[in-house]
Amino acid sequence: MLRHEKIFLRPLEDDDKIELAQLANNKKIWNNVRDHLPFPYTIEDAVSFINFSKQEKASLIYAIEWDGHFCGVIGLVAQADVYRRTAEIGYWLGEPFWNKGIATEAVRLITDYGFTQLGYLRIHTGIFEFNIGSMKVLEKNGYNKDGIFEKNIFKNGKILDEHRYSKINNNPA
């Protein structure tokens, strides 16, 4: 659906279940995402997530493919009511694919899609205080740090700060 050179964002497919389970079953991934991503992560979890991604309300969830390999997931979550022209971005990459520029390009692709095709005015997200790599991905894509929400996250028995980022569509339709 969305492509740039070796990076392709496409709907999740049933055949992704094994790679999805293998990549997501990593404590380093789980440490950087919300707790609704289970750990350990099983093939059954992958099947459930793939089925969820096929529902209309979740149609903005994409597999990240790099050079023909499934390597992670990215999505936009539409907000509601007065925030209906805003989306939250979320993404993760399997550890073997870190530090290759894949996340940076995937975020660029889905952000551009959210602004130009879906008409969002604003896309935002929150990053755990220790996830410097994800902060750099957002900053490379023109996201601005809106602020730090002190003691906003409880993860792995620790209270953490959340760094909030957003990007504004300067050419809304």
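Does Asp-81 count as buried, partly exposed or exposed, and at what relative accessibility?

**Entry 1: Asp-81.** I note at the outset that the model I consulted is a predicted one. I looked up the accessibility of Asp-81 and found a relative value of 58%. Asp-81 therefore counts as exposed, since that class begins over 50%. I then located Asp-81 in the loop between β4 (69-78) and β5 (86-93).

**Entry 2: Asn-156.** I next turned to Asn-156, where phi is near 55°. This, too, is a positive value in a residue that is not glycine. Asn-156 lies in the loop between β7 (144-155) and β8 (158-168). I recorded a relative accessible area of 37% for Asn-156, so this residue is partly exposed.

**Entry 3: Pro-40.** Which peptide bond did I find to be cis? It is the bond from Phe-39 to Pro-40, with omega near 0°. I placed Pro-40 in the loop between α2 (27-30) and α3 (43-53).

**Entry 4: the nonpolar core.** I then asked how many residues the largest nonpolar core has. The number is 47. The residues with the most contacts inside this core are Leu-9, Ile-64, Ile-74, Ile-89 and Trp-92.

Technical notes
Residues are numbered from 1 along each chain as its sequence is written. This is a predicted model: local features need pLDDT of at least 70, side-chain atom pairs count only at pLDDT 80 or more; totals for chains, interfaces and linings use all residues. Side-chain values use heavy atoms; hydrogens and water are left out. A nonpolar core is a set of buried Ala, Val, Leu, Ile, Met, Phe, Trp, Tyr and Cys residues joined through side-chain atoms within 4.5 Å. Buried means under 20% relative accessible area, exposed over 50%, partly exposed in between (1.4 Å probe, protein chains only). Helices (H or I, at least four residues) and strands (E, at least two) are DSSP runs, numbered from the N terminus.
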